[in-house]
Structure formats: structure tokens, C-alpha cells
Amino acid sequence: MADAQEMKRAQDTFAMLCRMLDGQNWKYDKDDAELKIECGAVGEDLPMPVTIKVRPDRQIVLLLSYLPIEVPDDKRLEVAAAISIVNYRLINGCFEFNISNGRLYFRMTNSFMDSTLSEETFRYMLFVSLQTIDDYNDKLEALVNGKIDVSAFMK
């Protein structure tokens, strides 16, 4: 449980995040009580829903995007290998794959422990995440649909 100082820092961080989104004329839904934003974008192909949550207990900002790709049982090992390949190449953020249910996510976090995150940091988190998702979601979908194999994915 967050103490009063951690909660204040989290609320200030959430306010900064909202200011950045407002400054970008971004459409979003917010939950002030939960310190949570729901928004999204559409890239070249698939929709990219985004949830951004400020976590007072951990002093982090968590960006999470569910990829609307259902991975069947027979493709899960290939997708797990592909996710490993992609994550090795990424500088910030990572893809997460739940091999038991076949769900894919993209995650990026930033800590505000004993610090203040800037609007530029939030812009970076959002737009780098969206660009990364857009770069890989169609390739992951092609792998799942059997249009390419892991070898082609690596290229």
C-alpha cells in the first residue's frame, strides 16, 4: 500500500501524463481514482489498444497493449521463439506472450521513484510503443496464420 507521499507523487505523475495527452490532442478515457488511461491507435494494419496505469505502490508507469491476435496451440512454440527474437532486438519495452492462453501484449514501464517524469518521457513511451507494436504486429499475425515461418520472421 502506498503512503501519502507516494500517492501524491503518483497523482502528480498521472496529471503530467494527462497534460501530455491533452497537448497532443489525444482522445482518451481516464479514471482518476485508478490513475488509469485507456486509449489507442490504428497503425498500418491492426488496432492498438493501450492502457497506461500509474502504480503508486510500485512507483511506476505501466503501458500495456493487448495485440488482437489469437495464437492457437499448434503455433505457440513458434510465437514464443519469435517473441524472444524480437525482444532481443528491442531497446525499450518488450512483448509478452502467455503460452498457456495464447495472448500477446506489449509492455513498457518507467519508474518515478524519487524522480519526476516529463511530458517528453510520456510522449516517448506512447509513440515508441505504438511504433514498435505497428512494426511487429503484422509479422506476428502472419506467423500465427501460417503465411510465414520462424525463419522468414527472423529475416
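Author: What follows describes the sheet, the helices on it and the residues around it.

The model is a predicted one, in which local features need pLDDT of at least 70 and side-chain atom pairs count only at pLDDT 80 or more, while totals for chains, interfaces and linings use all residues. Residues are numbered from 1 along each chain as its sequence is written, and side-chain values use heavy atoms, with hydrogens and water left out.

The sheet is open and consists of 6 strands in the order β1-β2-β3-β4-β6-β5, with antiparallel pairing; strands (E, at least two residues) and helices (H or I, at least four) are DSSP runs numbered from the N terminus, and two strands pair if DSSP finds at least two bridges between them. At the edges lie β1 (29–31) and β5, each of which pairs on one side only. From one strand to the next the twist averages 25°, where axes are lines fitted to C-alpha atoms, for helices over the stretch in contact, and angles run from 0 to 180 degrees between N-to-C directions.

Helix α1 (residues 4–23) packs on this sheet and touches β1, β2 (36–42), β3 (47–55) and β4, its direction making about 30° with that of β2; contact here means heavy atoms within 4.5 Å. Helix α2 (residues 76–89), by comparison, lies across β5 and β6 and runs at about 160° to β5.

Strands β5 (residues 94–98) and β6 (residues 103–111) are joined by 5 bridges, and they form a hairpin with 4 residues between them, where G102 in the turn has a positive phi of about 80°. Within this pairing, F95 has F106 as its bridge partner, and N98 has R103.

In strand β4 (residues 60–67) sits V61, which counts as buried because its relative accessibility is 0%, buried meaning under 20% relative accessible area with a 1.4 Å probe and protein chains only, exposed over 50%, and partly exposed in between. Leaving aside neighbours within four places in sequence, the contacts of V61 include T13, I52, V54, M108, F112 and F122.

The largest nonpolar core has 46 residues, and I37, F95 and L140 have the most contacts inside it; such a core is a set of buried Ala, Val, Leu, Ile, Met, Phe, Trp, Tyr and Cys residues joined through side-chain atoms within 4.5 Å. Helix α3 (residues 119–144) gives the most to this core, with 9 residues. Beyond its neighbours within four places in sequence, I37 is in contact with residues including F14, L17, L21, V50 and I52.
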